[in-house]
Amino acid sequence: MEEKFGVPRDPSYLIKALQNIQTKKGYIPFEDAVEVAEYLGVPLTRVFGVATFYEQFRLKPRGKYVIRVCQGTACHVKGSKTLLDFLRDFLGVDIGDTTEDGLFTIERVACLGACALAPAVEVNGTIYGKMDPDKLRELIIELKEAERNGEQKN
Ligand code: FES
C-alpha cells in the first residue's frame, strides 16, 4: 500500500504526518499541508487547525540561530521586555519571524529554567544569563562575524 509522509493513508495519522514533515524540513510548508490534506482525506482547515493548535509545529521556516528570550516572571522583572524590544529593533523582524538573510529568528519562551541568571536568553540551546541589550548586540555581531568567516557558533 502506498505510504506518504511516513504514515499510512488514514486520517488518524495526521499529527504523525505533520511531525514527520517538520522533522525533515524544520517547518510545515503550505504545499506540504495541502498534500497531507489530500493524502489523508481531511479538510485543509483541519490540518491548519492542528498545526496551529500544537506549539511544536511551525508554519514558517526558522533561522539558523534561534534567539529565545525568556519572558518568565524572574526574567520579566529583570527587564526581559527590553531585550525583546531591542531585538525587534536591531534585527528588524517581529517575534516568530526570521531575518531576510535566514540567520536569526526571535522567539519568546515562558521559562528557560535558568531563573538565577535572569534575564536569560537562549541561542540554539546555549543559555546566556544576565543579558542586556549591549551584550545581546555583541552576541549577534559575533554570530554574524562567525558566519562570515564560515565558522559555526553554538
Ligand atoms: S523566568 Fe527566565 S529563566 Fe526562568
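This is a predicted model: local features need pLDDT of at least 70, side-chain atom pairs count only at pLDDT 80 or more; totals for chains, interfaces and linings use all residues.
1. Overall make-up. The protein has 6 helices and 4 strands, and these elements follow one another along the sequence in the pattern α-α-α-β-α-α-β-β-β-α. Taken along the principal axes, the box filled by the C-alpha atoms is roughly 55 × 40 × 25 Å.

2. Burial and contact range. Of the 154 residues in the protein, 23% are buried. Among contacts with a separation of 6 or more, 58% are between residues 24 or more positions apart.

3. The largest core. The largest nonpolar core consists of 19 residues, and Ile67, Val69, Leu83, Leu87, Ala120 and Val121 are those with the most contacts inside it. At least two residues of this core come from each of strand E1 (65-70), helix H5 (80-91), strand E2 (104-109) and helix H6 (133-148).

4. Surroundings of Ile67. Ile67 is one of the residues with the most contacts inside the largest core, and its partners can be listed once neighbours within four places in sequence are set aside: they are Leu87, Phe104, Thr105, Ile106, Glu107, Val121 and Val123. Of these partners, Leu87 and Val121 are themselves among the residues with the most contacts inside that core.

5. Geometry of H2 and H3. Helix H2 (residues 30-40) and helix H3 (residues 44-53) have axes that come within 8 Å and cross at roughly 120°. Because angles of 65 to 115 degrees count as roughly perpendicular and only those over 145 as roughly antiparallel, H2 is therefore oblique to H3. The crossing in which H2 passes H3 is right-handed.

6. Composition of the H2 and H3 contact. On the H2 side the contact is made by Ala33, Val34, Val36 and Ala37, and on the H3 side by Leu44, Val47, Phe48 and Ala51. Divided by type, the residues of this contact are 8 nonpolar, no polar and no charged.

7. Glu3. This residue lies in the segment before helix H1 (14-25). Is Glu3 buried or exposed? Glu3 is exposed, because it has 10 other C-beta atoms within 10 Å, and a residue counts as exposed at 12 or fewer. Glu3 and Tyr39 stand 36 residues apart in sequence, while their C-alpha atoms are 9.2 Å apart in space.

Conventions. Residues are numbered from 1 along each chain as its sequence is written. A nonpolar core is a set of buried Ala, Val, Leu, Ile, Met, Phe, Trp, Tyr and Cys residues joined through C-beta atoms within 7 Å. A residue is buried if 20 or more other C-beta atoms lie within 10 Å of its own, exposed if 12 or fewer, and partly exposed in between; C-beta atoms are placed from the backbone. Two residues are in contact if their C-beta atoms, placed from the backbone, lie within 7 Å. Axes are lines fitted to C-alpha atoms, for helices over the stretch in contact, and angles run from 0 to 180 degrees between N-to-C directions. Angles under 35 degrees count as roughly parallel, over 145 as roughly antiparallel, 65 to 115 as roughly perpendicular and the rest as oblique. A crossing is left-handed if the near helix is turned anticlockwise from the far one by less than a right angle, and right-handed if clockwise. Ala, Val, Leu, Ile, Met, Phe, Trp, Tyr, Cys and Pro count as nonpolar, Asp, Glu, Lys and Arg as charged, and the others, Gly among them, as polar.
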